[in-house]
Amino acid sequence: MPGRVSSLQSLGAADGPGVRFVIFLQGCPLRCPYCHNPETWAENGGQTMEAGECLEKIRRARPYLSGGVTLSGGEPLLQAGFALELFQKLKAECFHTALDTSGCLEPPELGALLDVTDLVLLDIKRVNARDCRREFGLSLELPLRLLRRLEERNKPVWIRQVIVPGINDKEDELKDLRKLAGSFSCVKRLELLPFRKLCAPKYAALGLPFPYGDKEELREDRHRELQENYGFIM
Ligand code: SF4
């Protein structure tokens with residue numbers, strides 16, 4: 001089954017353990033106001049590729065991949081059939097597979113896909129259901145349902161959240177996020193990611209407003225402090 005691929009990063013270091021081949025799939029049903037990859041939103045954008053073609057490129061990069069392969073986006077669960085085929089091929093060749101998702105969809109292939117996924121990078125947008133709905137139009141119940149499913153399977157998870165100053169950097173909220181992450185034994189990491197505005201030119205090029213263009217970036221020292229106080233790595 002062909003997939004729609006936005007871009008490929010052959011030596012990624014930010015999406016899972018080690019140096020990884022990262023495939024950014026096209027299409028996302030969300031419109032996060034800080035999204036770094038607005039070029040991935042349109043479902044009909046990007047290029048069409050077969051899973052076998054991706055595998056061929058990954059094989060060539062294999063000597064440099066100390067980690068494995070991450071499927072990101074966009075929202076990879078939007079192309080769960082393609083993701084499943086690619087991960088099945090990768091597992092047949094013993095690659096470590098990571099799925100970077102907001103958990104906003106429950107495609108029929110999800111169970112089979114999790115069978116061939118070694119690690120889930122789960123983006124919990126906000127820990128409070130009302131904020132999650134208001135800011136992202138997303139029911140928090142969806143990522144929580146995925147998290148419970150991963151706990152049942154004892155599948156390793158890294159929870160991630162982008163921290164935007166003045167929005168979700170308050171102590172109470174971060175404590176709640178830490179409490180949620182700490183209550184699942186499958187969660188091996190809580191990573192707080194700094195809000196950055198490097199993506200602003202992408203919005204300009206696409207003729208789209210950057211909703212959080214007026215927000216402050218998370219300073220490096222503050223990011224370190226928050227990660228030390230609330231995040232964890234097991
Ligand atoms: S889920 Fe990810 S790709 Fe989709 S809009 Fe949000 S940040 Fe962007």
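# Questions on a predicted protein model

Trainee: How many helices and strands does the secondary structure of the protein come to?
Mentor: The model under discussion is a predicted one. Its secondary structure comes to eight helices and nine strands.

Trainee: Which radius of gyration does the protein have, and what would a compact globule have?
Mentor: The C-alpha trace spans about 45 × 45 × 35 Å along its principal axes. For 234 residues, a compact globule would have a radius of gyration near 17 Å. The protein agrees with that expectation, because its own value is 17 Å.

Trainee: What percentage of the contacts between residues at least 6 apart in sequence join residues at least 24 apart?
Mentor: Of the 234 residues of the protein, 38% count as buried. Among the contacts between residues at least 6 apart in sequence, the share that joins residues at least 24 apart is 73%.

Trainee: Which residue of β9 is the bridge partner of L190?
Mentor: Strand β8, residues 187–194, is joined to β9 by two bridges, and these strands run antiparallel. Across this pairing, the partner of L190 is F232.

Trainee: Which residue of β5 stands opposite T70?
Mentor: Strand β4 covers residues 68–72 and is joined to β5 by three bridges. The two strands run parallel. Opposite T70 stands A98.

Trainee: Is strand β5 largely enclosed or left open by the rest of the structure?
Mentor: From β5, T97, L99 and T101 point one way, whereas A98 and D100 point the other way. Both sets are buried. Because five of the five residues of β5 are buried, the strand is largely enclosed.

Trainee: Which residue of β6 stands opposite T101?
Mentor: Strand β5 (residues 97–101) pairs with β6 in the parallel sense over four bridges. In β6 (residues 119–123), five of the five residues are buried. L119, L121 and D123 point one way from this strand, and V120 and L122 the other way. The residue opposite T101 is L122.

Trainee: Is Y230 buried or exposed?
Mentor: Y230 is found in helix α8, residues 220–230. It is 52 residues from R178 in sequence, yet their C-alpha atoms are 5.9 Å apart in space. Y230 touches L174, K175, L177, R178 and L192, leaving aside residues up to four places away in sequence. Because it has 21 C-beta neighbours inside 10 Å, Y230 counts as buried.

Trainee: How many C-beta neighbours does H223 have inside 10 Å?
Mentor: H223 also lies in helix α8, and it touches L192, P194 and L218, not counting residues up to four places away in sequence. A residue is buried if 20 or more other C-beta atoms lie within 10 Å of its own. H223 counts as buried, and its number of neighbours is 20.

Trainee: Is C94 buried or exposed?
Mentor: C94 is found in the loop between α2 and β5. Its phi is near 60 degrees, a positive value in a residue other than glycine. Because 7 other C-beta atoms lie within 10 Å, C94 is exposed.

Trainee: Which residues are joined by a cis peptide bond?
Mentor: The bond in question has an omega of about 10 degrees. One of its residues, G74, has its place in the loop between β4 and α2. The joined residues are G73 and G74.

Trainee: How many charged residues are in the shell around the ligand?
Mentor: The residues surrounding the ligand include C28, R31, G73, G74 and E75. By class, four of the shell residues are nonpolar and five are polar. The number of charged residues is two.

Definitions and conventions. Residues numbered from 1 in each chain as written. Predicted model: local features only at pLDDT ≥ 70, side-chain atom pairs only at ≥ 80, totals over all residues. Near = placed C-beta within 6 Å. Nonpolar A, V, L, I, M, F, W, Y, C, P; charged D, E, K, R; others polar. Rg over C-alpha atoms; globule rule 2.2 N^0.38 Å. Buried ≥ 20, exposed ≤ 12 C-beta atoms within 10 Å, placed from the backbone. Contact = placed C-beta atoms within 7 Å. Pairing = 2+ DSSP bridges.
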